[in-house]
Amino acid sequence: AEVGDGLKVGISWLGGSRPEFRRRRSTPLEQWEPVLNVAGVRFVSLQSGDRPSRDGKDETAGRLEPFGVVIHDWPDPGAEKNLDDVAAKIASRDLVITVDNTTAHLAGALGVPVWTLLPAAADWRWMTGRDDSLWYAGMTLFRQTQAGDWTDVFSTVANRLLAQAISRAPAA
């Protein structure tokens, strides 16, 4: 109820505990701006654990407040300490949008629709040339076309999210 009306979307933008994976899989939160500005959508942070970004700054949801974007974020112990709480947050969303991390796998396993954002050189389990997952029926894959460039991914995701928000909006 605290989140408000509209499509409720959980997001997670950092992935990988090892630095080489984190650099490839993670996205600066500011790059999510086209997605986060889609009208009629309420966003909840599903990012757990420490949030250091690639540039060393604290990568918290509050960083986008100057841009007029609200991301609801409640403190939690993180997946490594309380997987049940993380699973409950995921299960209560209409959609999850995440980079390749634990959130993607947990949402997929719970049957929550999940859009997974992949680097150009994605992990083997995502195969190549596919936009679906062999492992999770409700997962859609969005891939970089150029290594390190998330621009097309976020443009595509924003357009797709807008279409979903419009289809769920109450008739006037």
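Author: V9 has its place in strand β1, which covers residues 7-12. The model discussed here is predicted.

Reader: Why does V9 count as buried?

Author: The relative accessibility of V9 is 0%. A residue is called buried when its relative accessible area is under 20%. The value for V9 falls under that cut-off, and V9 is therefore buried.

Reader: Which residues is V9 in contact with, leaving aside its neighbours within four places in sequence?

Author: V9 is in contact with V41, R42, F43, V44, R93, L95, I97 and L161. These count as contacts because heavy atoms lie within 4.5 Å. A separate value concerns V9 and L36, which stand 27 residues apart along the chain: their C-alpha atoms are separated by 9.8 Å.

Reader: R93 is among the contacts of V9. What makes R93 a residue that is buried yet has no salt bridge?

Author: R93 is found in the loop between α3 (83-91) and β4 (95-99). The nearest side chain of opposite charge is D94, at 6.8 Å. A salt bridge requires a side-chain nitrogen of Lys or Arg within 4 Å of a carboxyl oxygen of Asp or Glu. Not counting residues up to four places away in sequence, R93 touches V3, K8, V9, G10, V44 and V112.

Reader: Why is H72 called buried?

Author: H72 has a relative accessible area of 18%. The limit for the term is under 20%, so H72 is buried. H72 lies in strand β3, residues 71-72. Such a run qualifies because a strand needs at least two residues.

Reader: How far are the C-alpha atoms of H72 and S45 separated?

Author: The separation is 6.1 Å, although H72 and S45 are 27 residues apart along the chain. S45 is also one of the contacts of H72; E2, V3, F43 and V44 are the others once neighbours within four places in sequence are left aside.

Reader: How many salt bridges does the structure hold?

Author: The structure holds 4 salt bridges. One of them joins R25 and D100, whose closest N and O atoms are 3.6 Å apart. The R25 and D100 pair is called a salt bridge because 3.6 Å is within 4 Å.

Reader: Why do R25 and D100 count as buried?

Author: R25 has a relative accessibility of 13%, and D100 has a relative accessible area of 2%. Each value is under 20%, and both residues are therefore buried.

Reader: What makes D123 and R125 partly exposed?

Author: D123 has a relative accessible area of 23%, and that of R125 is 24%. The term covers values between the limits for buried, under 20%, and exposed, over 50%; D123 and R125 are therefore partly exposed. Their side chains meet in a salt bridge at 3.1 Å, N to O. The side chains of D132 and R130 likewise meet in a salt bridge, at 3.0 Å, N to O. D132, at 33% relative accessibility, counts as partly exposed, and R130 counts as partly exposed at 30%.

Reader: Which residues line the largest cavity?

Author: The lining consists of R24, R25, D100, P119, A121, A122 and D123. By class, the lining residues divide into 3 nonpolar, no polar and 4 charged. The largest cavity holds about 40 Å³ of space, and a search of the whole structure finds 1 cavity of 30 Å³ or more.

Reader: How many helices and strands does the protein have?

Author: The protein has 5 helices and 6 strands, following the pattern β-α-α-β-β-α-β-α-β-β-α along the sequence. Of its 172 residues, 44% count as buried. Among contacts with a separation of 6 or more, residues 24 or more positions apart account for 61%.

Notes: Residues numbered from 1 in each chain as written. Predicted model: local features only at pLDDT ≥ 70, side-chain atom pairs only at ≥ 80, totals over all residues. Heavy atoms only, no water. Helix = DSSP H or I, 4+ residues; strand = E, 2+ residues; numbered from the N terminus. Buried < 20%, exposed > 50% of the residue type's maximum accessible area, 1.4 Å probe, protein only. 1 Å grid on protein atoms, 1.4 Å probe; cavity = no way out; pocket = protein on both sides within 12 Å on 5 of 7 lines; lining within 4 Å. Points joined across faces, edges and corners; volume = space filled by probe spheres on them. Nonpolar A, V, L, I, M, F, W, Y, C, P; charged D, E, K, R; others polar. Lys, Arg positive; Asp, Glu negative; His and termini not counted.
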